[in-house]
Amino acid sequence: MSKHLKSSRISVPDIRARKGHEKIVCLTAYTAPMAAILDPHVDLILVGDTVGMVFHGLPSTVGVTLDMMIMHGKAVMRGASHALVVVDMPFGTYESSPQQAFESAARIMAETGCQAVKVEACEGIAETVAFLSGRGIPVVGHVGLRPQAINIDGGFKTKGRTADERARVLTEAHAVAEAGAFSIVVEGVASDLADQITNEIPVPTIGIGASPKCDGQILVTDDMIGLFEWTPKFVRRYADLRTTISNAVGEYANDVRSGQFPGPAEIYTLKVG
Ligand code: KIV
């Protein structure tokens, strides 16, 4: 086998095979340096469309474009050589027909080199997942709180408050799994509903604001490392980088203003030859 065909990267079947026995560790990344930091620790890196809010300062994920996802997907692929890389399909690039979804997903796969795409559950999504999976595009589904539906829901609302809502989320999870999704992100749902989905569907669930019983967990890395003042209830902060960065920048500003930076060790003294 050619050296180029060998890969130590985690594959779609590897992730699928983890169902029920080995937890799947997932985080988001949008840049090559962050992907390189995460890569030795995680199984799956999601180039999430949260990039619109976290990186570009948009009010929601609705304004994210295919070109933005492809640019960030390429950057993450340059930084990660071990984790499976999944790129989100942004709003408006897959919902109108399976053919539209295939064209968008094929561009993402071919131009970034990522291993899979993710789609949020919406009208007709099962047909689209089957269409993509049948044509060589591995798909992760996303049920529960669907950030791209923020304008229908009137905000980022947790799901599972009514029997109808619970039934809808459960039905979507089954439909997406039966259509061929190899994993499903379950976001912002009552924990017992996440448990039921995890127990009933044959593919791994990846929880975010869901339940510890999901087959894996994902967080937005920038939330988890404390880059924002506010984070949702379900985020555990493992670092306070906002304070660390602010303190570092404050010290740098003082040193520049007082003439203490650059010091003797930080300048070039070159002999004229
Ligand atoms: O876009 C994203 O980052 C996501 C995660 C929150 C799961 O979909």
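Which strand does Gly 144 lie in? Strand S5, which covers residues 139-144. Before I go on: this is a predicted model.

Let me stay with Gly 144 for a moment. Is Gly 144 buried or exposed? Buried, since its relative accessibility is 0%. Now its surroundings. Leaving out residues up to four places away in sequence, Gly 144 touches Lys 159, Val 169, Glu 187 and Val 189. Look at Thr 158 as well. Thr 158 and Gly 144 are 14 residues apart in sequence. In space, their C-alpha atoms are 7.6 Å apart.

Next topic: salt bridges. How many does the structure hold? The count is 11. I will go through some of them.

Start with Arg 107 and Asp 67. They form a salt bridge, and the closest N and O atoms are 3.0 Å apart. Arg 107 sits in helix H5, residues 98-112, and Asp 67 sits in helix H4, residues 66-79, so the bridge ties together parts 40 residues apart in sequence. Arg 107 itself is partly exposed, at a relative accessible area of 32%.

Now Arg 166. Which residue is its salt-bridge partner? Asp 192, with the closest N and O atoms 2.9 Å apart. Again, distant parts of the chain are linked. Arg 166 belongs to helix H8, residues 163-178. Asp 192 belongs to helix H9, residues 191-200. On accessibility, Arg 166 is partly exposed at 22%. Asp 192 is partly exposed too, with a relative accessible area of 44%.

Stay on helix H9 for the next pair. Asp 195 forms a salt bridge with Lys 213, and here the closest N and O atoms are 3.9 Å apart. The cut-off for a salt bridge is within 4 Å, so that pair counts. Where do the two partners lie? Asp 195 is in helix H9, while Lys 213 is in the loop between strand S7 (205-208) and strand S8 (216-219), so this bridge ties together parts 18 residues apart in sequence.

Check the accessibility of this pair. Asp 195 counts as buried because its relative accessibility is 16%, and buried means under 20%. Lys 213 is exposed, with a relative accessible area of 57%.

One last item, a network. Which residues does it join? Arg 18, Glu 22 and Asp 43, through salt bridges that share partners.

Note on methods
Residues numbered from 1 in each chain as written. Predicted model: local features only at pLDDT ≥ 70, side-chain atom pairs only at ≥ 80, totals over all residues. Heavy atoms only, no water. Helix = DSSP H or I, 4+ residues; strand = E, 2+ residues; numbered from the N terminus. Buried < 20%, exposed > 50% of the residue type's maximum accessible area, 1.4 Å probe, protein only. Contact = heavy atoms within 4.5 Å. Salt bridge = Lys/Arg side-chain N within 4 Å of Asp/Glu carboxyl O.
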